[in-house]
Amino acid sequence: MKLFKGYFLALLSSATFGLLPLFTLPILQSGDLSESSILFYRFFFGAIAMAILCIILKKDLRIKLKDIATLMALGALYSLTAMGLIFSYRFMDSGVCTTIHFLYPVVVCLLMVSFFKERSSIQLYIAIALSFLGVALLSWNGGSTISWIGVGCVTITVLTYSTYIVSLNKLKLNHIHPFPLTFYVLLSGSLMFLLYAQFTSGGIEAINQSSTLWNLAGVVLLATIVSNICLVFAVQTVGSTITSILGSMEPTVALIVGALYFHEILTVWTFIGFVLIIVSVVLVVWKNKKKEEKL
């Protein structure tokens, strides 16, 4: 039961993270806020919301001095991921960005096998291949242009997000509850983006449109708070590799959002991609269910 809870949280984390373009792209298209201001508001409001949640649920926000540097490093990794993604939207279609970003399960698997001697299996590699192929079919539309600047931005997210997920598992932070941990990750990120905005755009811009406020609320509540909390719980429950593979729900949600909200046309290839992703998820769950039964 604990494993299936971890699977559900991993799927929920990736699904809510997949809503990021839905809320971010309208803000960018309106011209109300720059990327740096969006990132600051996302992390700052997210940190405030997490602090309130910790107070309500009586989760201790006190941390040990030795954990500060580790939490700041995690904040930097997650901030670089967020920055790389939002800047990549400027140069390429979000679907192409999603495809490249989803290379991170492969990198997570390689990191765990290479540096932490995690035992791999043919089923795991098949699941990775199926999920990546499924994402490619979901996101490819045959008419997208490739920008090397955009590729560079989103490639950074592959490396930083992979390292972030592995670090959550291997830095021995289980003594910190996921709520306070998420608070400090978001707080450190907001401070970084505050400094970044000062040096790049002269400071944080004011929110002038009500639609921007509503979209920021969606970014903060769903694509930041829910996604991050579920991610930390999932990594602590089922590990980095499984959590990253189950992240395939991110492009699936993007497909559904695109069809319902942006009226994008679904093709046979997108349907095949969706099926491949579901098969990869089932394969991971089935493999670990068999492992659990042997214990």
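**Helical architecture and aromatic core of a predicted model**

Tyr161 and Tyr164 both belong to helix α8, where three residues, about one turn of the helix, separate them. Both residues are buried, the term denoting a relative accessible area under 20%, with exposed meaning over 50% and partly exposed the range in between (1.4 Å probe, protein chains only). The structure is a predicted model, in which local features need pLDDT of at least 70 and side-chain atom pairs count only at pLDDT 80 or more, whereas totals for chains, interfaces and linings use all residues. Residues are numbered from 1 along each chain as its sequence is written, and side-chain values use heavy atoms, with hydrogens and water left out.

The protein chain contains 13 helices and zero strands, helices being DSSP runs of H or I with at least four residues and strands runs of E with at least two, numbered from the N terminus. Along the sequence, the pattern is accordingly α-α-α-α-α-α-α-α-α-α-α-α-α. The chain has 295 residues, of which 52% count as buried. Among contacts (heavy atoms within 4.5 Å) in the chain with a separation of 6 or more, 90% join residues 24 or more positions apart.

Confidence was examined along the chain. The mean pLDDT (the predictor's confidence in each residue, from 0 to 100) is 83, and 87% of the residues reach 70 or more. Helix α3 (residues 35-56) has the highest confidence, at a mean of 95, while helix α13 (residues 268-294) has the lowest, at 68.

A search of the whole structure finds 12 aromatic pairs. In one of them, the ring centres of Tyr104 and Tyr161 are 4.9 Å apart and the planes stand at 85°, so this pair is edge-to-face. It links distant parts of the chain, since Tyr104 lies in helix α6 (residues 104-116) and Tyr161 in helix α8 (residues 148-170), 57 residues apart. Tyr161 also forms a stacked pair with Tyr164, at 6.3 Å centre to centre and 20° between the planes. By the criteria applied, rings of Phe, Tyr and Trp (its six-membered ring) pair if their centres lie within 6.5 Å, with planes under 30 degrees apart counted as stacked, over 60 as edge-to-face and the rest as tilted. Relative accessible areas are 3% for Tyr104 and 4% for Tyr161, and both tyrosines therefore count as buried. The two belong to one aromatic cluster formed by Phe17, Phe43, Tyr78, Tyr104, Tyr161, Tyr164 and Phe193.

Tyr104 is also a contact partner of Ser244, which, leaving aside neighbours within four places in sequence, touches Phe102, Tyr104, Pro105, Val108 and Ile165. Ser244 is found in helix α11 (residues 240-245) and is buried, with a relative accessible area of 0%. Between the C-alpha atoms of Ser244 and Leu231, 13 residues apart in sequence, the distance is 9.3 Å.

Two salt bridges were found in a search of the whole structure, a salt bridge being a side-chain nitrogen of Lys or Arg within 4 Å of a carboxyl oxygen of Asp or Glu. Glu35 counts as buried, at 10% relative accessibility. A salt bridge also joins Asp60 to Arg62, with the closest N and O atoms 3.0 Å apart. Here Asp60 is partly exposed at 42% relative accessibility, whereas Arg62 is exposed at 70%.

The loop between α3 and α4 holds Lys58, a residue with a positive phi of about 60° although it is not a glycine. Lys58 is exposed, with a relative accessible area of 76%. Leu57 is placed in this loop between α3 and α4 (65-91) and is partly exposed, at 42% relative accessible area. Together with Phe44, Phe45, Ile48, Ile52 and Ile56, Leu57 forms a nonpolar surface patch with about 520 Å² of accessible area. Patches are made of residues with over 30% relative accessible area and no salt bridge, like charges being joined within 9 Å and nonpolar side chains (Val, Leu, Ile, Met, Phe, Trp, Tyr) within 5 Å.

Note on methods:
Areas by Shrake-Rupley, 256 points an atom, 1.4 Å probe, with all protein chains shown as cover.
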